[in-house]
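These are my notebook entries on one structure. I set down what I looked up, entry by entry.

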Amino acid sequence: MAWARPGWSLGAAAIGLAALSLGGVVRVVAQSSFQQALTPDRLLGRMSATARFVSWGGIPLGGVLGGVSGSAFGAPATLWIGAVGMTASFLPNFLSPLRTMRTVPEAEDPEGVGGRAGSAASRPDSPRPGAVRRSSAQGASRRDA
């Protein structure tokens with residue numbers, strides 16, 4: 001937006017930046033939902049930490065590459081390179097089969113007990129979520145909360 005002149009180009013730049021930001025938010029929500037739906041409960045923390053490390057780890061790398069590009073090609077060319085890269089960043093997601101997916105595929109069940117792998121609800125000896133375990137001394141006639 002630094003080179004936008006007053007008039008329609010300034011408005012187009014502002015609308016483009018807003019659309020790019022909105023697209024990023026939608027992608028992050030969809031990506032996180034998909035990852036969490038397919039990841040066994042016991043691995044959710046590791047998966048989230050790894051995804052965050054990879055995505056946020058690119059930020060310092062981008063800063064270094066921007067500085068090198070700015071030194072080699074100058075500021076205007078570097079800004080154009082960044083603009084083209086940001087504009088093209090939707091292509092991997094757009095061309096992916098995930099774009100048309102409407103249901104989450106069934107995850108493999110490595111433990112062979114049904115349900116989400118590793119979740120408490122998938123283990124036959126686990127109470128249903130929200131249930132209170134009672135010992136046999138408390139009486140069998142009492143209902144679970």
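I took helices (H or I, at least four residues) and strands (E, at least two) as DSSP runs, numbered from the N terminus. The model is predicted, so I noted the limits: local features need pLDDT of at least 70 and side-chain atom pairs count only at pLDDT 80 or more, while totals for chains, interfaces and linings use all residues. Residues are numbered from 1 along each chain as its sequence is written, and side-chain values use heavy atoms, with hydrogens and water left out.

**Entry 1. The chain**

I looked up the secondary structure and found four helices and zero strands. Along the sequence, the pattern reads α-α-α-α. I call a residue buried under 20% relative accessible area, exposed over 50%, and partly exposed in between (1.4 Å probe, protein chains only). Of the 145 residues in the chain, 8% are buried. I count a contact where heavy atoms lie within 4.5 Å. Among the chain's contacts with a separation of 6 or more, 39% join residues 24 or more positions apart.

I placed Leu65 in helix α2. Leu65 counts as exposed because its relative accessible area is 53%. The C-alpha atom of Leu65 is separated by 9.6 Å from that of Thr78, 13 residues apart along the chain.

Thr78 lies in helix α3. Is Thr78 buried or exposed? Its relative accessibility is 16%, so Thr78 is buried. Leaving aside neighbours within four places in sequence, I found Thr78 in contact with Gly66, Ser69 and Gly70. For polar contacts I required a pair of N or O atoms within 3.5 Å; within protein, one must be able to donate a hydrogen and the other to accept it, and residues adjacent in sequence count only if both atoms are side-chain atoms. The Thr78 side chain reaches the backbone oxygen of Gly74 at 2.8 Å.

Leu79 is also in helix α3. With a relative accessible area of 49%, Leu79 is classed as partly exposed. I noted 8.7 Å between the C-alpha atoms of Leu79 and Gly66, which are 13 residues apart along the chain.

**Entry 2. The loop between α1 and α2**

In this loop I looked up Thr39. Thr39 is buried because its relative accessible area is 11%. A polar atom of the Thr39 side chain lies 2.5 Å from the backbone oxygen of Gln35.

**Entry 3. The largest pocket**

I took a pocket, on a 1 Å grid over the protein atoms alone, as an open set of points where a 1.4 Å probe fits, with protein on both sides within 12 Å along at least five of seven lines; lining residues have an atom within 4 Å of a point. The lining of the largest pocket has 32 residues, and Gly23, Gly24, Arg27, Ser89 and Asn93 lie nearest the centre. Which helix supplies the largest share of the lining? Helix α1 does, with 12 residues. At least two lining residues come from each of α1 (8-38), α2 (44-73), α3 (75-88) and α4 (91-95).
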